[in-house]
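Thanks for making the time this morning. Let me put the model on the screen, and then I will walk you through two regions of it.

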Amino acid sequence: MRGFFLSFILASFIYAEDMGSLLFHGNCLTCHHETKTISAPSTSELRQRYRDAFFSKEEFVSYMSAWVKKPSYEGSLMHDAIKKHGLMPELGFDDDALKSISAYIYETDFLEEGKTHPKR
Ligand code: HEC
């Protein structure tokens, strides 16, 4: 009980961007490995495609969160990935969660060694 209470207090101190990281690691990484394409395109590939398509962070974040909320072939920037893996399932997150995840993806260089998996 005390452990639960303590983690509740800690959770309320987490910054929005760390929230994006937590949510990403808990919900997206299972399918989107940081650098390897396995059952879905790697996160660094998604990030690169969206970075190429959108000039500002705001556009990147708003487009990505809207698409993830309701994946569709029409709105996709990665028709090749849909052909290869099938359309991504709808996961049912709210807008705030998707925005912090997308902002985390925008900010994180997944190719940089040690960035997401610190060396032990
Ligand atoms: C069950 C596996 C699965 C999970 C979990 C998953 N994805 Fe996906 N995602 C896919 C697959 C497969 C594709 C490639 C096909 C497509 O684009 O629909 C994809 C594609 C994408 C795309 C590219 C969209 C486009 O333009 O086609 C984005 C962005 C994305 N995922 C973000 C996320 C985020 C953010 C999360 C976590 C909230 C997430 N995904 C969780 C399977 C998954």
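Which residues form one aromatic cluster here? Before I answer, please keep in mind that this is a predicted model. The cluster is made up of Y50, F54, F60, Y63 and Y106, and the structure as a whole holds eight aromatic pairs. Take F54 and Y63 to begin with: their ring centres are 4.8 Å apart and their planes meet at 35 degrees, so this pair counts as tilted. F54 counts as buried, at 14% relative accessibility, whereas Y63, with a relative accessible area of 30%, is partly exposed.

Now look at F60 and Y106, where the centres lie 5.0 Å apart and the planes stand at 75 degrees, which means that the pair is edge-to-face. This pair links distant parts of the chain, since F60 belongs to helix 4 (residues 57–69) and Y106 to helix 6 (residues 95–107), 46 residues apart. Both F60 and Y106 are buried, and the charged end of R51 sits over the ring of Y106, 3.9 Å from the ring centre.

Let me turn to the metal. The ligand's iron atom is coordinated by NE2 of H32 and SD of M88, at 2.0 to 2.1 Å, and its site is octahedral, with angles of 87 to 178 degrees among the six donor atoms. Here too distant parts of the chain are linked, because H32 lies in the loop between helix 2 (16–27) and helix 3 (43–53), while M88 lies in the loop between helix 5 (79–85) and helix 6, 56 residues apart. H32 is buried, with a relative accessible area of 12%, whereas M88 is partly exposed, at 22%.

Conventions
Residues numbered from 1 in each chain as written. Predicted model: local features only at pLDDT ≥ 70, side-chain atom pairs only at ≥ 80, totals over all residues. Heavy atoms only, no water. Phe/Tyr/Trp six-rings, centres within 6.5 Å; stacked < 30°, edge-to-face > 60°. Buried < 20%, exposed > 50% of the residue type's maximum accessible area, 1.4 Å probe, protein only. Helix = DSSP H or I, 4+ residues; strand = E, 2+ residues; numbered from the N terminus. Lys NZ or Arg CZ within 6 Å of the ring centre and 35° of its normal. Donors = N, O, S within 2.8 Å, 3.2 Å for Na, K, Ca; no water. Tetrahedral: all angles 85-135°; square planar, octahedral: opposite > 155°, others 65-115°.
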